[in-house]
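Here is a briefing on a structure, grouped by topic. Look at the sequence and the model first, then read on.

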Protein chains: 2
Amino acid sequence: MAHLTVSVEYGIHCLLWLAGPDRAPVSSRDLAELQGISTSFVAKIFPKLEKAGIVRSSEGVHGGYVLAKTPAQISVLEIVDAIEGRKPLFDCREIRGRCALFGDPPPSWATAGVCAVHAVMLRAEKAMRDALAAQSLGDIASTVERKAPPDFAGQVGGWLDVRDAARTRRTEPTPRDA
Amino acid sequence: MAHLTVSVEYGIHCLLWLAGPDRAPVSSRDLAELQGISTSFVAKIFPKLEKAGIVRSSEGVHGGYVLAKTPAQISVLEIVDAIEGRKPLFDCREIRGRCALFGDPPPSWATAGVCAVHAVMLRAEKAMRDALAAQSLGDIASTVERKAPPDFAGQVGGWLDVRDAARTRRTEPTPRDA
């Protein structure tokens, strides 16, 4: 099992679709169906992103999510922490104090400061978090944009517009309602 | 839940007790009881450390484990990989190829090279692994040694000798066996 769950992968990929300029609000359902991934899964991710101030939501038939900041202002670390919570690399159980040679409480020299094993893990965790903090959603979006053909963003916008229009039609009163 | 399991914590702490100079073979049971941790848990860790060439085992009543290399030659990364296997930070499911606008197969530009999200995660994983590779069991042992009083290593040796002697007595023929 990987350290980061599939929610992080889905979350970042969804945010990439919102990173285009002047993107109208997009529902989590449309984002999921655009990518062929679980709608219920994606629906659970967005409230976490909203709580962390990464996206803003709007209600109503044309409602959905937009980025709350520019893509360059959103670090990958921020997205990971918003979705996963602050998950440690290593959970120190302080077993250094349990030695059979010690009394209760163990001698202070044995439990002073951070456990030496834990200290190594904290350094490794910091290196990982620093690497995630150094990359923004904007960096990833630029890489993706360089790969895609020039008209791809327009095609995606068109697909989303068609979905939005279909939703509008469904909510308009039909002759039978009138 | 932390990324690294309690097995890594137990494994490194056990290896620290084997890092002293001229340590006689120690059984996994004695290592567990010395530290007040589960004997069955520790017994499952050592075959993995042996398979990875970190410890060597010997059979018999005085048998047990010794380090197969010097503590300075054993990196923390090596211990982590031996115990956990090579666990990725992120498991890329290549969702970039599933876009509703694509046919089957998706266009080659969409799936060429490493996914940009995955690339960020691979960089973060490398930073973490480099940090773990930069630290050795010897580094941790030196930190612990600096904290402990000068006679502590001798006390531990004495505790292990008493256990070893008790085992010898239990296996000697008693008058009733004769």
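Two residues are in contact if their C-beta atoms, placed from the backbone, lie within 7 Å. This is a predicted model: local features need pLDDT of at least 70, side-chain atom pairs count only at pLDDT 80 or more, and totals for chains, interfaces and linings use all residues. Residues are numbered from 1 along each chain as its sequence is written, while chains are lettered from A and ligands numbered from 1 in the order in which they are written.

**His62(A)**
- Leaving aside neighbours within four places in sequence, His62(A) is in contact with Pro25(A) and Asp164(A).
- His62(A) sits in the loop between strand S1 (55–58) and strand S2 (64–67) of chain A. Strands (E, at least two residues) and helices (H or I, at least four) are DSSP runs, numbered from the N terminus.
- His62(A) counts as partly exposed because it has 14 C-beta neighbours inside 10 Å. A residue is buried with 20 or more other C-beta atoms within 10 Å of its own, exposed with 12 or fewer, and partly exposed in between.
- Val26(A) is 36 residues away along the chain, yet the C-alpha atoms of His62(A) and Val26(A) are separated by 8.0 Å.

**The two chains**
- The same surface serves both copies, as 100% of the contact residues of chain A recur in chain B.

**Interface**
- In total, 48 residues of chain A are in contact with 48 residues of chain B.
- On the chain A side, H6(A) gives the most, with eleven residues.
- That side divides into 32 nonpolar, seven polar and nine charged residues. Ala, Val, Leu, Ile, Met, Phe, Trp, Tyr, Cys and Pro count as nonpolar, Asp, Glu, Lys and Arg as charged, and the others, Gly among them, as polar.

**Core**
- The largest nonpolar core has 83 residues. Such a core is a set of buried Ala, Val, Leu, Ile, Met, Phe, Trp, Tyr and Cys residues joined through C-beta atoms within 7 Å.
- Leu15(B) is among the residues with the most contacts inside this core.
- Not counting residues up to four places away in sequence, Leu15(B) touches Ile79(B) and Leu137(B).
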